[in-house]
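Here's a quick briefing to read with the model open beside you. Have a look at the fold first, then work through the topics below.

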Amino acid sequence: MSLSNSKVFNDPVHGHIELHPILVAFIDTPEYQRLRYIKQLGAVYHVFPGASHNRFEHGIGTAHLAKLAVDELRRVQPELAISELDSLCVQLAGLTHDLGHGPFSHAFDTFVKTVLPEVNWCHEVYSAKLLDFMVDKHNLWPIMEEFGMAESDFLFVKQCIVGSEYLGEPMRGPEKYFLYQIVANQETGIDVDKFDYFARDCHALGIHNSFDHNRLIKFTRVAVVTDSVGSCAGTDTATATSTGTNRRILVYRDKEWFNIYSMFQTRCDLFRRAYQHRVTRAVEIMLQEVLLLAEPYLRFGPDQLTMSEIVASDRMDLYGLLNDQLVYLVGTSLDPRLGPARRLLNDIQCRRIYYCVGETSLPPEYEVSETEVGRRLSELTPGGGRPDDLVIRVYSLDFGKRGLDPVEDLLFYTKGTRSVCSLNKDFLSNMFPKQFQDRYLCVYWKPRDKPPTLAEAAFHSWCVSNNLSPTKRSDKSRDVGNTEVIRNLNGCL
């Protein structure tokens, strides 16, 4: 097979994308085509009607950006000796990094952790396992070997997805460690996976994206440093310590600090406005409950395994049957045992969403138990409420590194020199954030036969007794009536 077997995809975000024949071979399998039926943003589609894109196109876009990033490094730093095979492996990792996602994406992650708490569930590991299954099932080794890909290279692909130490020693040594940082950068969070989904999600949601990923790719270089995190090297090669090893890692032009902050700010904006929108969260909770209610009765394959049994036994042949179309299996089933799941699914479709009683911002060090809050609120509810009537969730909004400054440990290079160092923010701007994480406690009311005002009063009392300020996002857009709006306007005239 020659390179003439490559294919061109017309992508709404990146334009025309040409993919290598090996990537095309992986795309033309049922396991990859399954991603057409898994929404990229899951429950967000119930709030933003434009969020109908799927993980299928996200994988293609990530592979494209991985190639751009590697090609740029090969152009400006030929001494890195990046081979065509290195580039191909990183592209394949970008294409397939989300293979392991289940129905409704992150809602399925929560479902698995609930029904299989003993399993260390990680969708990245399942991506790697599905890759192994696809290669054997569809006999992809011949085309991979035709272009020089050996078993060690295929392991390198999986390590680019899961982590450099997945299944043993890294297949690329410290001299090419930077290749592991292109698709899934577990150290800095700056990678082409985010570059694509920020651009793609903002395009679909109608939210402005101030981050320029193409510019950052142009101003990314590779430098040699020691393993000491956050060290500031005075030259291009830091002195190795007795516990450190020289590694080549990605560094960024010093003037790109603002673009990088824009990237993390875009992430925070997407979480605040879309991923953790109060209705998105309510629908996601309901979808998780649909999965839990349907779990004992939805069975797959000749062995009639449930979803949790498929995951627990690593049945990749059946895992490929799980996608967002589960809602149609539940909704059209005549099995009376699926009645509760069908009714809950019907509530979602008829917009009878769990009611957001309110939320409150939590101080940084405030420790709270969702279970204990639910119990206390049920006691405070006038007329007596049940803990099952309430859903309590604690959410975090941050820049990707919990409460830490995501740029603090990055290394930058300066134009005209080979030196790398961390930034001294005091010389750059006085407008840097002082805190990088918000935490919220949110309360949802499930019953439709009892007024939510009962729970609202209980939530207000609980917040006051704990020195917290109760707020409600939905009220922010309708907390003043038309008369008061007119009065306020008159006061400004």
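A residue counts as buried here when its relative accessible area is under 20%. On that basis, buried residues account for 51% of the 493 residues in this protein, and keep in mind that the model is a predicted one. It's built from 20 helices and 10 strands.

**Overall numbers**
- Take the contacts between residues at least 6 apart in sequence: 72% of them link residues at least 24 apart.

- As a rule, nonpolar side chains in soluble globular proteins tend to be buried together.
- The largest nonpolar core here has 139 residues, with Phe26 and Phe108 making the most contacts inside it.
- Helix α12, spanning residues 257–275, is the top contributor to this core, supplying 10 residues.
- There's also a second, separate core of 16 residues, with Val373, Ile392, Ala455 and Leu468 among them.

- Four strands make an open sheet, ordered β6-β9-β5-β10, with antiparallel pairing.
- At the edges sit β6 (390–398) and β10 (470–471), each of which pairs on one side only.
- Inside the sheet, β5 (residues 355–362) and β9 (residues 437–445) are paired antiparallel over 7 bridges.
- Helix α19 (residues 453–465) lies across β5, β6, β9 and β10 and runs at about 10° to β5.

**A closer look at Arg172**
- Arg172 sits in the loop between α8 (151–162) and α9 (180–183).
- Is Arg172 buried or exposed? Its relative accessible area is 10%, so Arg172 is buried.
- The Arg172 side chain makes a polar contact of 2.9 Å with the side chain of Asp153.
- Beyond its neighbours within four places in sequence, Arg172 is in contact with Asp86, Cys89, Asp153, Phe156, Leu179 and Tyr180.

Notes. Residues are numbered from 1 along each chain as its sequence is written. This is a predicted model: local features need pLDDT of at least 70, side-chain atom pairs count only at pLDDT 80 or more; totals for chains, interfaces and linings use all residues. Side-chain values use heavy atoms; hydrogens and water are left out. A nonpolar core is a set of buried Ala, Val, Leu, Ile, Met, Phe, Trp, Tyr and Cys residues joined through side-chain atoms within 4.5 Å. Buried means under 20% relative accessible area, exposed over 50%, partly exposed in between (1.4 Å probe, protein chains only). Helices (H or I, at least four residues) and strands (E, at least two) are DSSP runs, numbered from the N terminus. Two strands pair if DSSP finds at least two bridges between them. Contact means heavy atoms within 4.5 Å. Axes are lines fitted to C-alpha atoms, for helices over the stretch in contact, and angles run from 0 to 180 degrees between N-to-C directions. A polar contact is a pair of N or O atoms within 3.5 Å; within protein, one must be able to donate a hydrogen and the other to accept it, and residues adjacent in sequence count only if both atoms are side-chain atoms.
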